[in-house]
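Dear colleague,

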Amino acid sequence: MDLTNATNLEKLYLDGCESLVEIPSSFSHLQKLDWLDMAECINLQVIPPHLNLASLNYLNMFRCTKLRNFPAMSTHISNLTMSFTAVKDVPASTRLCSRLYRLYLSVNTNLKEITHLPRCLIELCQSYTEIEEIPESIKDLHQLSKLYLSGCKRLTSLPELPRSLTYLSAYDCESLETVLCPFNTPNAGLCFLNCFKLDQQTQRAIIQRSFGNGYTRLPGREVPAEFEHRARGNSLTIRLDGNMPLHVSFMLCLVVSPNHQDPISEWLIQTVLCRRIVNGHLDPNGEESSIYTVKFRKEHLFIFDSKFRYFHSGKVSSEVVFEFSCESQKLNILECGAMSLNSWMMPPRKRTVQMKKYVDRKKTTPKKPGTIHMKKSVTLKRKRI
């Protein structure tokens, strides 16, 4: 393959070229090349040293299974896929890639550490690798939005993560025990499915962080004590009166378990429906929450914002009912809970007084029919997990 005269070439597709073993030296003439797709070149082994393609923006070497050397083709690259390869490390020169915002390194079984990361990264995927730790410098990646670590079975801890994070996928990290506190990711979606070794302090930190604007999935068998409204089954009734804030919003928590008679396939989007009934009338703006989940073995907590904002006069009692269901019947909803975000956002001392008043009122006020709707009328005791 001689590309010496292809100086104006901008896009080149070589995906699936199984006979390609070495990138020809004539590639050095492709100074206008913007897009290079070499996916599934399963016999590719050699990349010429000092190959510098000044305009290269996109490089895909997915499933180049014999490639051992990390490509250093351009410092201007922005999107690089190196999944399913034989690379062992990321060279220091990668830090010079000042435009690299997306780096995919998943399913590289020889990759045991990754230390040289450019600060411009927005998305980093290193799922199903043999990495044992994440460098502390990751907190300096102030633009990092998505971090994928799922299936990293040797990973035991996570350092402080950048506040810019909006999504962390760490399911099937079976050795993961600790996450450094404080957990400064107030708006992130966190997935810790099947992380059964998380210690109690880490679980508490993850749950506390869930009271922001994000959502969380992690192992757990009962609704945390912070959720003052709790019930068994899939239905919860909350009575709002003059002691509640006039503007009310709720964080919700479900305890779910897999339906072993109709198990979840490895990858499936589970849709959990949330119906809201306000003062006996179905709320037409009820939310449908799509939960992207994978196969899990035991009970888990799903914590998320109800996105329900209710305004009441404070003079007349109101009643809000949350009813949850799973369309596919592959999840069992064992328990549900709700927490007023308004009370949680109070200063700690004021919040403590508010909770004490709430508890005292619950002790002295006679129970009214329909206040909490539960299957088999089971009364729950508050326990900390």
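Predicted model: local features only at pLDDT ≥ 70, side-chain atom pairs only at ≥ 80, totals over all residues.

Residues are numbered from 1 along each chain as its sequence is written, and side-chain values use heavy atoms, with hydrogens and water left out.

Helix H1 covers residues 200-209 (helices are DSSP runs of H or I with at least four residues, strands are E runs of at least two, and both are numbered from the N terminus). Its buried residues are Thr202, Arg204, Ala205, Ile206, Ile207 and Arg209, where buried means under 20% relative accessible area, exposed over 50%, and partly exposed in between, with a 1.4 Å probe and protein chains only. At the start of H1, a side-chain oxygen of Asp199 comes within 3.3 Å of the backbone nitrogen of Gln201.

Asn194 sits in the loop between strand E11 (189-191) and H1, and it counts as buried because its relative accessibility is 2%.

Tyr171 belongs to the loop between strand E9 (167-169) and strand E10 (178-179), and it too is buried, at 8% relative accessibility. Its C-alpha atom is separated by 9.8 Å from that of Lys153, which is 18 residues away along the chain.

Finally, Glu113, in the loop between strand E5 (102-104) and strand E6 (123-125), is partly exposed, because its relative accessible area is 48%.

Best wishes

Terms used:
Polar contact = N/O pair within 3.5 Å; in protein donor to acceptor, adjacent residues only side chain to side chain.
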